[in-house]
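Please open the model in your viewer and keep the sequence panel beside it. The tour below goes from one selection to the next and says what is found at each stop.

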Amino acid sequence: MPSATEQPAPRPGPLRRLLGGSRSRRAEPSAPPGPDAEQSAGALGRGVRILLGLAAAVVVSFGMAAIGNILAPALLALVLTICAQPVRVWLERHGTSQGLATGAVGLTLFALLAGFIAILWIATAQFIGMLPDYKPQLEQAGAQFASWLQSLGVGPDQVAQIKAGFDPAGFLSFFSGALGNALGIVGLLVIVLTMLILMPADAAYAPTLLRQLEPTQPNLVFAISGFAHSVRRYMVVTTLLGLAQGAIDGIALWLLGVPAPLLWAILAFLCSFIPNVGYFIALVPPLVFGYLTGGWGTVIAVIIVYGVINAIVQSVVQPKVVGNAVALSQTLTFFSVLFWAVVLGPIGAILAIPLTLLARAVLVDSDPHARRWRPAIGDLAVTRELMRSESEARRTERHRAKGGRNG
């Protein structure tokens with residue numbers, strides 16, 4: 001029998017037995033999760049991060065669209081400041097004071113923008129003045145096109161909408177509205193001018209700030225420097241080639257007798273900044289008015305001129321000069337034009353490549369772990385070399401196999 005001082009151990013109650021026995025019993029360690037559980041947890045976490053990233057992108061896109069009236073000119077000023085930064089540095093290196101160099105660059109850019117808008121305004125006004133002369137021809141062309149669509153089985157409602165697009169009153173209202181929006185253009189120029197004065201002044205500190213950040217944030221400095229270099233090279237080259245392309249198109253349209261050649265030359269220059277889509281936007285108006293003035297012969301001549309110039313500039317000259325500065329896939333480039341046009345309007349379409357490069361710098365280039373995705377979004381320099389070596393290896397193997405069979 002146990003002594004009076006010794007008490008029997010209390011039996012665990014039903015609740016304690018349900019929870020795992022008595023308090024004195026040590027809990028057995030659970031088995032570590034297997035590789036399948038770890039992979040499932042990793043996939044779940046990655047999926048949640050992707051969904052959160054997409055949700056954040058949607059919220060940011062709607063926010064940018066809501067303030068597009070001030071964000072678009074601010075981003076335009078940022079791109080222009082990046083392009084003009086070497087000029088300001090050159091002026092300061094040759095003895096010009098920092099304030100004078102900044103103001104000179106800002107005023108020069110503003111004067112160029114104001115002159116360009118003035119030329120566009122004059123060309124549009126001339127086009128509006130001559131548009132009523134083509135009213136009978138436009139209506140006749142619309143009727144012929146509608147009859148052709150009806151013969152293909154297109155519904156009457158769709159045909160009526162397309163036929164209404166040939167109404168000269170629609171052209172007049174569109175271009176008159178563009179001319180009447182002079183106040184909005186002045187407001188845009190004021191925002192751009194103010195930004196072009198403030199941004200270059202702040203950009204004077206950029207080299208020192210980058211050197212200050214480099215010891216602690218080398219990846220961020222790498223991304224910002226690469227973005228500035230890529231945007232500057234792309235915009236400068238595209239501007240020069242666009243000027244040449246617009247001038248050649250305008251001269252060719254003038255020789256062919258197409259109305260308003262100056263307006264279509266300006267349109268060709270602006271559309272040269274819009275990859276994939278810009279060529280077709282710039283081609284349609286000269287085709288319509290070329291058909292009205294010269295028939296199908298003029299239409300074919302316009303297609304040949306625009307096609308040859310576009311092929312030479314955008315497929316031969318521009319890739320060799322720009323090189324790997326852009327490094328975006330064709331699919332991503334096309335999507336970026338659509339995306340930024342929806343978010344920021346026409347300025348977004350023109351700045352689609354610089355804005356996409358900015359997003360790549362922030363999301364990919366600044367993170368060494370995310371930088372591995374650069375080949376997937378268009379940086380194919382190493383991939384092309386690998387494909388070349390693999391193709392050469394397969395060719396060598398085929399020759400060797402063929403030689404073995406002949407032997």
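Begin by selecting Asp365 and Arg360, both of which are buried, a word used here for under 20% relative accessible area, with exposed meaning over 50% and partly exposed lying in between (1.4 Å probe, protein chains only). Asp365 and Arg360 form a salt bridge in which the closest N and O atoms are 3.7 Å apart; the term stands for a side-chain nitrogen of Lys or Arg within 4 Å of a carboxyl oxygen of Asp or Glu.

Residues are numbered from 1 along each chain as its sequence is written, and side-chain values use heavy atoms, with hydrogens and water left out.

Now colour the chain by pLDDT, the predictor's confidence in each residue, from 0 to 100. The protein chain averages 78, and 80% of the residues score at least 70. Residues 1-7 have a pLDDT below 50, and beyond near neighbours in sequence this stretch has zero contacts in the model, a contact being heavy atoms within 4.5 Å. Residues 14-31 also have a pLDDT below 50, and beyond near neighbours in sequence they have six contacts. Where pLDDT is low, the predicted coordinates should not be read in detail.

Next, return to the salt bridges, of which the count comes to seven. Select Glu92 and Arg88, whose side chains meet in a salt bridge at 2.4 Å, N to O. These two are four residues apart in helix H3 (residues 68-93), and therefore separated by about one helical turn; helices here are DSSP runs (H or I, at least four residues), numbered from the N terminus. Glu92 is partly exposed at 28% relative accessibility, whereas Arg88 is buried at 3%.

Then move to helix H17 (residues 381-406), where Glu397 and Arg400 lie three residues apart, about one turn of the helix. Glu397 forms a salt bridge with Arg400, with 3.7 Å between the closest N and O atoms; Glu397 counts as partly exposed at 46% relative accessibility, and Arg400 as exposed at 57%.

Which residues of helix H11 are buried? Select residues 261-271 to see this helix, which is largely enclosed by the rest of the structure because eight of its 11 residues are buried. These are Pro261, Leu263, Trp264, Ala265, Ile266, Ala268, Phe269 and Cys271.

Select Ser61 in helix H2 (residues 35-66), a buried residue with a relative accessible area of 15%. A polar atom of the Ser61 side chain lies 2.7 Å from the backbone oxygen of Ala57. Leaving aside residues up to four places away in sequence, Ser61 touches Phe339 and Val343.

Continue to Leu131, in the loop between helix H4 (98-130) and helix H5 (135-151), where it counts as buried at 1% relative accessibility. The C-alpha atom of Leu131 is 9.2 Å from that of Pro259, although the two are 128 residues apart along the chain.

Finish with Ile312, which lies in helix H13 (residues 296-322) and is partly exposed at 45% relative accessibility.

Key: Polar contact = N/O pair within 3.5 Å; in protein donor to acceptor, adjacent residues only side chain to side chain.
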